[in-house]
Protein chains: 2
Amino acid sequence: MTNPTAAMLVIGDEILSGRTRDSNMHHLAGELTRHGIRLMEARVVADDHDDIVAAVNALRARWDHVFTSGGIGPTHDDITADAVAAAFGVPIGPRADAMALLAAHYARAGMEFNAARQRMARIPRDARLIDNPISTAPGFTIGNVHVMAGVPNIFQAMLAEVLAQVTGGAPLLSQSLTVHRGEGEIAADFGALAAEFPDLSMGSYPFVRNGAMGTNLVIRGTDAGRIDAAMTRLAALFGTP
Amino acid sequence: MTNPTAAMLVIGDEILSGRTRDSNMHHLAGELTRHGIRLMEARVVADDHDDIVAAVNALRARWDHVFTSGGIGPTHDDITADAVAAAFGVPIGPRADAMALLAAHYARAGMEFNAARQRMARIPRDARLIDNPISTAPGFTIGNVHVMAGVPNIFQAMLAEVLAQVTGGAPLLSQSLTVHRGEGEIAADFGALAAEFPDLSMGSYPFVRNGAMGTNLVIRGTDAGRIDAAMTRLAALFGTP
């Protein structure tokens with residue numbers, strides 16, 4: 001368990017109302033796994049200042065990294081940057097480099113760089129900007145908290161930049177075996193195998209396909225040799241991988 | 001804000017590793033909105049006893065209802081029922097009615113009702129069973145916490161039973177307007193309108209379609225007349241609904 005740890009904080013009423021289905025959490029989970037960072041917890045909160053502050057502080061105290069999505073646009077419901085500044089107890093205001101980026105972007109587009117758009121240059125003191133190659137308005141990293149947009153393609157671009165700069169861990173590997181039996185039939189042997197390999201994580205995920213029950217057995221860890229050894233035992237118990 | 005409130009707790013390593021994309025949260029969000037219950041917060045935690053206990057206790061203390069998904073099957077990584085019992089400080093053990101349901105189910109199927117399957121009859125004291133019309137193993141409600149399966153079709157069936165029994169609130173209504181302008185262009189007027197209707201929730205969600213920027217403006221509330229009034233104003237500002 002020497003891999004760095006992380007949490008995600010999804011910010012937005014639209015997720016909780018059911019209007020929008022979040023896709024950033026699943027994307028982040030996969031990217032972190034590839035990068036050797038363990039996603040330990042995720043939370044979704046509404047566009048509420050106090051709730052965002054409380055969640056940011058709970059998560060940044062416990063895990064190595066916190067990745068947030070949502071709430072950094074120009075409208076009145078975009079309150080993430082202010083809440084993150086409050087969580088860190090630092091001032092927030094328009095920042096020259098962010099203002100310059102945005103001013104140039106809107107000049108190129110022939111669009112007015114109005115007060116609402118200038119709000120997107122408000123950055124907590126001492127934060128580092130995260131580049132937004134799609135619509136310019138930057139995210140930022142402050143301490144161990146990476147604040148990114150909620151629009152999926154922008155979130156993905158910002159995340160790629162952040163992950164290029166943070167130190168990952170040994171890749172988190174997994175192998176799986178599909179067995180055409182219900183979970184209840186394999187549970188005893190699978191549990192005994194898991195107890196023999198306490199350094200690996202073993203999970204079972206039941207499914208029904210064409211009316212027949214089956215189970216995906218997944219073994220996760222960082223040591224490829226140990227996973228191979230466990231998979232060999234698994235195949236001997238339940239079938240051919 | 002007289003509607004009941006709720007939180008969701010998704011339990012499972014497979015969501016955090018990126019192996020499985022959760023779909024229960026989005027389903028729950030939509031069903032609760034239809035039922036007049038406000039989903040205020042959601043969390044995803046790993047298959048870790050202490051983390052589940054802490055999340056259950058944090059969420060049940062703050063919100064009217066807590067809906068959990070995952071971790072109630074027969075394998076070693078199914079630890080939700082024990083963790084929920086620990087959160088409430090009550091004992092857990094095999095319960096006669098759940099044992100009878102499961103024994104009959106496996107007898108009908110000609111399958112052995114073995115020790116692993118009997119684990120699924122372990123229910124915290126004083127809980128009420130939630131029927132599982134798909135694979136029999138029940139969920140349960142204890143206090144304000146509704147413990148359900150993670151397999152989506154079973155989660156959905158259990159949720160339908162729970163929602164038929166809990167008291168909802170006034171339906172949570174929403175209307176939306178799509179404008180073919182960026183958020184930054186409508187932000188000032190939209191924010192001013194939101195300030196005039198503090199009883200409604202207004203959100204803006206940008207998108208890019210065929211290379212052109214647009215924004216979905218959404219107004220949510222429980223008073224249809226007020227939403228109509230705000231939509232009329234919105235249409236006058238930004239276009240025809």
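The model is predicted.

**Between the chains**

In chain A, 44 residues are in contact with 44 residues of chain B. The side of chain A that touches chain B draws at least two residues from each of several elements, including the helices α1 (13-16), α2 (24-35), α6 (115-118) and α8 (183-196) and the strands β2 (38-45), β10 (201-209) and β11 (212-221). By class, the residues on this side of chain A are 19 nonpolar, 15 polar and 10 charged.

Strand β2(A) pairs with β2 of chain B, residues 38-45, through 5 bridges in the antiparallel sense.

**Within chain B**

Helix α2 of chain B (residues 24-35) packs with helix α7 of chain B (residues 152-165); the angle is about 20° and the axes are 11 Å apart. Because of that angle, which is under 35 degrees, α2(B) counts as roughly parallel to α7(B). The crossing of α2(B) with α7(B) is right-handed.

On the α2(B) side, the residues that meet α7(B) are B:Asn24, B:His27, B:Leu28, B:Glu31 and B:His35. Their counterparts in α7(B) are B:Pro152, B:Phe155, B:Gln156, B:Leu159 and B:Leu163. The contact has 5 nonpolar, 4 polar and 1 charged residues.

**Residue classes in the two contacts**

Definitions and conventions
Residues numbered from 1 in each chain as written. Chains lettered and ligands numbered in written order. Predicted model: local features only at pLDDT ≥ 70, side-chain atom pairs only at ≥ 80, totals over all residues. Axes fitted to C-alpha atoms, helices over the stretch in contact; angles between N-to-C directions. Helix = DSSP H or I, 4+ residues; strand = E, 2+ residues; numbered from the N terminus. Parallel < 35°, antiparallel > 145°, perpendicular 65-115°, else oblique. Left-handed = near helix turned anticlockwise from the far one by under 90°. Contact = placed C-beta atoms within 7 Å. Nonpolar A, V, L, I, M, F, W, Y, C, P; charged D, E, K, R; others polar. Pairing = 2+ DSSP bridges.
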